Amino acid sequence: CGTRHCNTYDVYKIINNEAKRLIVEPFNKIESHAEFDSINKTIILNCYNGNAIQVTVPKEVTKIGYGAFEGHFNLTNIIIPNGVTEIMTNAFCGCTDLISITIPDSVTEVGHYVFEGCTNLTCVKIPNGITRIPWGMFKDCTSLTSITIPDSVTEIGSLAFEGCTGLKSIIIPDSVTKIGTRAFADCTNLINIQIPHDLKIIRGSFSGCPGKPKRSPIDKQQN
């Protein structure tokens with residue numbers, strides 16, 4: 001991860017199917033850049049270059065772009081409004097001071113390595129609309145102590161939680177049918193691991209974890 005820099009102050013909103021320049025706090029005093037997708041009529045927040053410790057993304061934004069907040073070490077809290085549908089790859093990668101983030105249920109797509117290296121992130125609620133936890137989403141989030149995986153998730157990608165040394169317990173819902181390579185590898189304090197009864201474990205998925213996966217009872221799946 002590295003810090004991205006942007007050189008404009010523009011944030012846009014859609015008025016009569018056209019993008020209009022918009023002044024919205026906190027983006028009127030800091031550097032940011034947004035892109036208007038004229039085909040899908042959406043606004044992508046591509047780059048943030050401010051130094052605020054708390055940020056609320058403007059409600060006009062529908063996508064958070066590739067590496068938009070990457071490497072902003074002093075950012076501690078960010079609120080994403082309902083209406084954002086996608087968070088792209090590396091969006092918050094390397095935000096080492098990030099403690100909390102609010103992700104609305106409107107988010108249905110998340111890119112790879114979104115929170116990689118967010119070493120102070122302690123707790124995240126994954127939106128109910130997410131069906132796949134992508135590669136490296138929480139890789140090396142060493143302070144992450146709690147994660148709730150919703151029943152909408154069917155797949156956990158490779159390296160998704162690798163190196164999350166603060167995790168002690170994880171419940172993988174019965175909806176999950178696939179776990180990628182090293183998904184929970186080197187979670188050195190992960191003791192309690194519950195997985196679906198019929199889930200096929202790929203070799204190395206829990207490598208370096210002190211606990212062994214325990215399968216949920218068959219009757220639980222049938223009820």
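What follows walks through salt bridges in this predicted model.

Side chains of opposite charge can pair when their charged atoms come close. The structure holds seven salt bridges. One of them joins Glu155 to Arg132, with 3.3 Å between the closest N and O atoms. This pair links distant parts of the chain, since Glu155 belongs to strand 14 (residues 155-156) and Arg132 to strand 12 (residues 132-133), 23 residues apart. Glu155 has a relative accessibility of 22% and counts as partly exposed. Arg132 is partly exposed as well, its relative accessible area being 29%.

Lys139 takes part in a salt bridge with Asp140, and here the closest N and O atoms are 3.1 Å apart. Buried means under 20% relative accessible area. Lys139, at 16%, is therefore buried, whereas Asp140, at 28% relative accessibility, counts as partly exposed.

Lys139 also forms a salt bridge with Glu162, where the closest N and O atoms lie 3.6 Å apart.

Which residues are linked with Lys139 in a network of salt bridges? The network consists of Lys139, Asp140, Glu162, Arg182 and Asp186.

Methods. Residues are numbered from 1 along each chain as its sequence is written. This is a predicted model: local features need pLDDT of at least 70, side-chain atom pairs count only at pLDDT 80 or more; totals for chains, interfaces and linings use all residues. Side-chain values use heavy atoms; hydrogens and water are left out. A salt bridge is a side-chain nitrogen of Lys or Arg within 4 Å of a carboxyl oxygen of Asp or Glu. Helices (H or I, at least four residues) and strands (E, at least two) are DSSP runs, numbered from the N terminus. Buried means under 20% relative accessible area, exposed over 50%, partly exposed in between (1.4 Å probe, protein chains only).
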